[in-house]
Amino acid sequence: MVADNLSEAAITRDLETRFVGQRVIYYPSLTSTMEVAKREAQQGAAEGTVVLADEQTAGKGRLKRLWLSPVGNIALSIILYPSLSYLPSLIMLASLAVVHSIEAATGLKSQIKWPNDVLINGRKVCGILMESDVQGNTMNYTIIGIGINVNLRLADFPEILPIATSLSDELGRDVSRLSVIRHLLVEIERLYLALSNGESLYQEWRDSLVTLGKRVHVKTDQTI
Ligand code: BTN
């Protein structure tokens with residue numbers, strides 16, 4: 001496996017962002033980065049703080065599903081304090097940032113499956129979970145949780161083999177998680193600043209949709 005050191009220093013060194021990823025809280029193993037990020041946000045952590053784990057023992061997926069999160073993958077949560085009006089755009093932002101960073105780090109093209117999966121060749125390579133605390137018209141915080149299958153041999157996980165893929169399985173070689181993470185943090189900040197400058201991400205997000213023009217079945221829940 002590519003030796004990639006996910007320490008705070010390795011991620012933040014010369015990282016070209018103003019705030020996203022300027023503080024990284026790294027754990028070799030953790031139940032879920034969502035839980036720690038939520039606690040940090042409630043205590044007023046700086047915007048852009050990232051909680052990162054090499055492995056999660058109780059990773060959270062959408063609709064209360066478990067998210068498989070072994071060593072070799074990326075599992076991180078980012079704390080943001082956006083205004084409430086950005087909320088509908090944040091899922092577009094996160095999925096576009098993943099598509100861009102996968103391409104920048106590996107050359108692989110991926111597509112978005114609405115609302116928040118990223119696929120390569122029709123199989124899921126990334127899941128995104130957003131949890132927000134909203135009171136009245138005020139957004140207290142939003143946590144964007146991103147899980148990317150990076151160095152995962154799907155043959156070792158028959159339960160998800162038919163529907164999932166990983167960057168290493170697609171390329172036939174291991175991939176530097178550090179490179180994907182650093183591209184991802186830069187992209188998230190760039191798109192977040194674009195949103196706050198009044199730019200719309202809709203057209204680009206729509207162009208990246210795998211479901212464009214297809215009939216979709218929608219299930220709703222409080223988290224997306
Ligand atoms: C899904 O597709 O169901 C969403 C999966 C989200 C997984 C990520 S991994 C990092 C963060 N921590 C978690 O416990 N879940 C999210």
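## Basis

The model is predicted; local features need pLDDT of at least 70, side-chain atom pairs count only at pLDDT 80 or more, and totals for chains, interfaces and linings use all residues. Residues are numbered from 1 along each chain as its sequence is written, and side-chain values use heavy atoms, with hydrogens and water left out.

Helices (H or I, at least four residues) and strands (E, at least two) are DSSP runs, numbered from the N terminus.

Seven strands form an open sheet in the order 1-2-5-9-8-7-6, and the pairing is mixed. Two strands count as paired if DSSP finds at least two bridges between them. Strand 1 (24-30) and strand 6 (111-113) stand at the edges; each has a single partner strand, so one side of each lacks a neighbour in the sheet. On average, neighbouring strands are turned by 20 degrees against each other, direction ignored. Axes here are lines fitted to C-alpha atoms, for helices over the stretch in contact, and angles run from 0 to 180 degrees between N-to-C directions.

Lys-113 stands opposite Asp-117 in strand 7.

## Helices on the sheet

Contact means heavy atoms within 4.5 Å. Helix 3 (residues 87-106) packs on the sheet and touches strand 6, strand 7, strand 8 (123-135) and strand 9. The direction of helix 3 makes about 150 degrees with that of strand 8.

Helix 5 (residues 177-196) also packs on the sheet, touching strand 2, strand 5 and strand 9. Its direction makes about 25 degrees with that of strand 5.

## Strand 5

Strand 5 (residues 74-80) is mostly covered, with 7 of its 7 residues buried. Buried means under 20% relative accessible area, exposed over 50%, and partly exposed in between (1.4 Å probe, protein chains only). Both faces are covered: Ile-74, Leu-76, Ile-78 and Leu-80 lie on one side, Ala-75, Ser-77 and Ile-79 on the other.

Strand 2 (residues 50-56) runs antiparallel to strand 5, joined by 4 bridges. Here Val-50 has Ile-78 as its bridge partner. Strand 9 (residues 138-148) pairs with strand 5 over 7 bridges, again antiparallel. In that pairing, Leu-76 is partnered by Ile-146.

## Ser-208

Ser-208 lies in the segment after helix 6 (202-207). Ser-208 counts as buried because its relative accessibility is 14%. Leaving aside residues up to four places away in sequence, Ser-208 touches Leu-96, Gln-111 and Ile-112.
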